[in-house]
Amino acid sequence: MGKRRMLEIVLAFLMLSLGMLMGWRALFDPTFLPRRSVPLESLTLEEFLKLSSTNLNTATLEELMELPEIGEALARRILEYRVENGGFSSVEELLEVYGIGEKRLEAVRKYVYVE
């Protein structure tokens, strides 16, 4: 057997061993198991709303675009406002973002919070 063939066999063995180790860990390591979900009945209204809402001070562009009546351009303006002003101190501060008026604020109000 040539040196090249022996090297290929050793590399194949190492790759197979690594794959088996990763598969074994994925099957039997408890940290790979999903966390137990918290029963909704045990949450306060405030906790539930935070779990189902978007924090204006940490939301990504994609998360903002999922809000009703918020497209990409408006989501970018929200992010720019957040950076320029050091974040939002209240949901009503969205009115300071160009393109958001009372009607649009009311459409997104129940989906956002500030922390």
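How many helices and strands does the protein have? In this predicted model, the protein has five helices and two strands. Read from the N terminus, the elements follow the order α-α-β-α-α-α-β. The protein comprises 115 residues, of which 25% count as buried. Of the contacts between residues at least 6 apart in sequence, 44% join residues at least 24 apart.

Side chains of opposite charge can pair when their charged atoms come close. A search of the whole structure finds six salt bridges. One of them joins Glu 8 to Arg 4, with the closest N and O atoms 3.6 Å apart. Both residues lie in helix H1 (residues 3-28), where four residues, or about one turn of the helix, separate them. Glu 8 counts as partly exposed because its relative accessibility is 37%, whereas Arg 4, at 67%, counts as exposed.

A salt bridge also forms between the side chains of Arg 109 and Glu 92, at 2.4 Å from N to O. This pair links distant parts of the chain, 17 residues apart. Arg 109 lies in the loop between helix H5 (102-108) and strand E2 (112-113), and Glu 92 in the loop between helix H4 (72-85) and H5. Arg 109 has a relative accessibility of 28% and therefore counts as partly exposed; Glu 92, at 39%, also counts as partly exposed.

Arg 109 forms a salt bridge with Glu 106 as well, the closest N and O atoms being 2.9 Å apart. Glu 106 is partly exposed, with a relative accessible area of 45%.

Note on methods. Residues numbered from 1 in each chain as written. Predicted model: local features only at pLDDT ≥ 70, side-chain atom pairs only at ≥ 80, totals over all residues. Heavy atoms only, no water. Buried < 20%, exposed > 50% of the residue type's maximum accessible area, 1.4 Å probe, protein only. Contact = heavy atoms within 4.5 Å. Salt bridge = Lys/Arg side-chain N within 4 Å of Asp/Glu carboxyl O.
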